[in-house]
Amino acid sequence: MSVKNPSIRVRFAPSPTGFLHIGGARTALFNWLFARHHQGSFILRIEDTDEVRSTEDSVSGILQSMKWLGLDWDEGPTPDGKGILGDYGPYFQMQRLSGYQSTCDELIHKGLAYPCYCTTEEVEKMRELALLAKRPPKYDGRCRNLTTEDRRAKEAEGKKKSIRFKTPITGETRFTDLIHGAKIFENALLEDFVILKTTGVPTYNFACVVDDHLMKISHVFRGDDHLSNTPRQMLVYEAMGWEVPKFAHLAMILGSDGARLSKRHGATSVTDYRDAGYLPSALLNYLALLGWGTEDSQQLFTQKEMVEKFEIERCGKSPATFDPAKLLWMNGEYIRKTSAHDLGELAKPFFKTRDVSAVPVKTYEAAVTLELEKVKLLSDVPTLTDFLLWDDFEYRDEAVTKVLKAEGAAGIVEELVKRLAMLEPFDVPGIEALCKTLAKDKGVKNGAIFHPLRVSVSGRTEGPSLWHMVEYLGKARTLERIKRAQQLIGGASVGR
RNA sequence: GCCCCCAUAGACUAGUGGUUAGGUCACAGCCCUUUCAAGGCUGUAGGACGGGUUCGAAUCCCGUUGGGGGCACCA
C-alpha cells in the first residue's frame with residue numbers, strides 16, 4: 001500500500017444495527033473519495049455500543065457491502081471481520097471500553113463530568129414536566145452538585161450511576177462546517193448528556209469523540225442529521241483540550257415523498273441493488289451525484305476521474321431525492337461499457353432456473369453480445385438471452401397470431417426454409433440478401449419476410465438484429481426452429 | 001413546544017450581481033431502423049413568495065411559506 005498523507009484521516013463509522021443502506025453508502029463514498037483524492041487514510045470503525053440492536057450479521061453484511069462497492073479501507077477490521085488492519089485498533093468500540101473509561105475518569109477528575117443516579121423513568125418525568133411548564137425538555141442537572149456524602153448514600157442504596165457531561169450553562173459553541181459554513185449553537189439549550197451508560201458503555205456522542213481523537217481523524221464527514229450533535233461533541237473536545245477535527249455535514253437523501261429515504265421507499269440496502277442486478281460502479285457514480293457535482297455537470301465518471309475531481313467544498317447543502325429511474329439509466333450506461341465476456345460472467349448468478357455454465361462460453365458470449373444494448377440490469381440477461389441459448393423456448397401467443405398466422409405468412413415461411421437450406425455461406429450478408437430477394441420475388445414488402453422469420457426463430461416480435469440472430473443460430477438450428485414454427489401455423493393459412 | 005438545516009423545471013444539478021438561466025434523467029416528437037433497444041436531433045418545463053440593497057438580483061440582506069432533521073442511558 002502506498003504511503004499515506006498523515007494529515008488526512010477520515011472514517012466511516014456505521015453502527016451494525018442493520019444492513020448498509022443507500023445513505024450510509026453515500027457517506028462512506030464521500031469519505032472514501034476525499035481520502036483517495038488527498039492520498040489520506042480511509043478508516044472503517046464499527047460503532048457497536050448499542051448492545052441491544054447490534055448484531056454480528058450486520059457487521060459482516062456491512063463489510064460485505066463495502067467490499068462489493070469497492071470502497072476499500074486502510075484501517076479497520078479485516079474484510080472477514082476477524083483481524084485488524086492499521087495501528088489504531090481495535091476498530092470495534094466495544095473492544096475499546098478502557099479508553100472511554102479513562103477519558104471519563106479524567107473529565108470527572110477535572111470536574112467536567114459527574115455521576116448521575118437518576119433512573120430513566122425519573123429523567124423522562126423531568127422532561128415531561130419541563131415540557132408542561134413550557135421549558136425545554138432537558139435533564140435538570142439535579143445530580144450535578146451532589147456532595148460526597150450524597151453520593152456515598154446513593155451508592156449505599158445500590159443505585160446505579162451513569163456519567164453525565166457538565167455542559168456549560170452559558171456561552172456558545174461555534175464551528176465552521178466545510179459545507180454549511182459558520183455555525184453557532186447556544187450552550188444553554190443543551191442538557192448535561194450522558195457519556196457513560198450505567199453499563200459502563202459509552203454513548204455515541206462520547207465514544208465518537210474519544211475515538212476520532214485517538215485515531216487522529218482529521219475530517220468528519222457525516223449526514224447532516226448529525227449537525228445538532230456537533231456542538232455536544234465539540235464541548236467534549238474542548239473539555240479534554242483536544243484538537244477539533246474539521247466537519248462537513250452532507251445533505252440527506254430523500255425518498256420520492258420528500259421524507260428521509262427509508263425502508264418504506266422500497267429497496268434501500270446496498271444488497272438490494274446488488275441482487276437486483278446493479279453494478280457497483282454505477283451505484284457509486286449515481287450516489288456521487290447525489291449532493292455533489294462538477295462545474296460542467298459531468299454525469300459519467302471513471303473511478304479515477306471521480307477521485308481526481310471530488311471536492312468536499314463542492315457538495316450541496318440541500319437534500320437530494322433518490323431517483324431510481326436515473327440510477328437505472330446509469331446502470332445501462334455502465335453495462336454497455338462492459339465487454340460481453342465480463343457481462344456474461346457477471347450475469348451468470350442471475351440465471352435461476354437454468355444452468356448457464358453448461359452452455360459453451362462462445363455461444364453464451366455471442367448471445368450476450370446480440371442483446372448487449374438492451375441490458376439495463378444484470379438480471380435482464382437471462383430473459384433477454386434464454387431463447388438464444390436453449391431451443392425449447394415458448395412461442396408467444398400474440399406473436400404467433402399476429403405474425404405467423406397472418407395472411408401469406410405460411411407460404412413465405414415455407415419458401416424461407418427451402419432457400420435457407422441452400423444458403424452457403426450462412427452469414428449476415430447472405431441471409432440479408434436472401435430475404436430481400438425473396439421479398440422481390442414474392443412482390444411483398446421486406447417486412448412481410450422479416451417479421452415471420454423473426455418470430456419463427458425466436459418466438460417473439462422483438463429481439464436482436466435479425467441477420468445477426470439467424471447467423472448466430474446457424475443453419476441447422478434456424479431450420480429446426482422454423483419447422484417448429486410451421487407446426488404452430490398448422491394448415492390454416494397454407495397456400496394463401 | 002424549542003433548536004437547527006434547506007429552497008433553480010417532475011428528479012439530480014451548473015451558474016455567487018449584468019447569461020437567450022447551461023447539462024443529465026424522465027416525458028413528447030422526429031430521424032435511423034425488420035422489431036425491441038441503443039444512438040442522433042428537436043421540444044415541453046425552472047430560480048417558492050414578499051420586502052429591501054443596487055443603475056441592475058436566481059445570485060447579497062430581512063421576513064413569510066414550504067420541506068427536512070434534531071431535542072434518548074439509539075447511533
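Visitor: In which sense do strand β6 (residues 162-165) and β9 pair, and over how many bridges?

Guide: This is a predicted model, in which local features need pLDDT of at least 70 and side-chain atom pairs count only at pLDDT 80 or more, while totals for chains, interfaces and linings use all residues. Residues are numbered from 1 along each chain as its sequence is written, and chains are lettered from A and ligands numbered from 1 in the order in which they are written.

To your question: β6 and β9 pair in the antiparallel sense, over two bridges, where pairing requires that DSSP finds at least two bridges between two strands. Strands, like helices, are DSSP runs numbered from the N terminus (E, at least two residues, for a strand; H or I, at least four, for a helix). Within this pairing, Arg 164 stands opposite Val 194 in β9. As a general point, strands of a sheet pair through backbone hydrogen bonds, either parallel or antiparallel.

The pair belongs to an open sheet of three strands, which has the order β5-β6-β9 and antiparallel pairing. The edges of this sheet are β5 (113-116) and β9 (194-196), each of which pairs on one side only. On average, neighbouring strands of the sheet are turned by 45 degrees against each other, direction ignored; such angles are taken between axes, which are lines fitted to C-alpha atoms (for helices over the stretch in contact), and they run from 0 to 180 degrees between N-to-C directions.

The axes of α9 (residues 280-288) and α11 (residues 324-336) come within 9 Å and cross at roughly 135 degrees. The two helices are therefore oblique to each other, given that angles under 35 degrees count as roughly parallel, over 145 as roughly antiparallel, 65 to 115 as roughly perpendicular and the rest as oblique. On the α9 side the contact is made by Ser 281, Ala 282, Asn 285 and Tyr 286, and on the α11 side by Lys 326, Leu 327, Met 330, Asn 331 and Tyr 334; contact here means that the C-beta atoms, placed from the backbone, lie within 7 Å. By class, this contact has five nonpolar, three polar and one charged residues, with Ala, Val, Leu, Ile, Met, Phe, Trp, Tyr, Cys and Pro counted as nonpolar, Asp, Glu, Lys and Arg as charged, and the others, Gly among them, as polar.

Helix α9 also meets α1 (residues 22-37): their axes come within 10 Å and cross at roughly 85 degrees, and the two are therefore roughly perpendicular to each other. Here Ala 25, Arg 26 and Leu 29 of α1 meet Leu 284, Leu 287 and Ala 288 of α9, so that by class the contact holds five nonpolar residues, no polar ones and one charged.

Another pair is α16 (409-422) and α19 (466-489), whose axes come within 10 Å and cross at roughly 160 degrees. That makes α16 roughly antiparallel to α19, and α16 passes α19 in a left-handed crossing. Among the residues that meet are Val 413, Leu 416 and Leu 420 in α16 and Leu 479, Ile 482 and Ile 489 in α19. The residues of this contact divide into 11 nonpolar, two polar and one charged.

Finally, we come to RNA strand B, which 62 residues surround, the closest being Glu 47, Tyr 204, Ser 318, Glu 462 and Leu 466. Two or more residues each are given to the surface near this strand by α4 (120-132), β13 (320-321), α11, α18 (446-458) and α19, near meaning that a residue's C-beta atom, placed from the backbone, lies within 6 Å. Helix α18 gives the most to that surface, with five residues. By class, the surface near RNA strand B has 20 nonpolar, 24 polar and 18 charged residues.

Technical notes
Two residues are in contact if their C-beta atoms, placed from the backbone, lie within 7 Å. A crossing is left-handed if the near helix is turned anticlockwise from the far one by less than a right angle, and right-handed if clockwise.
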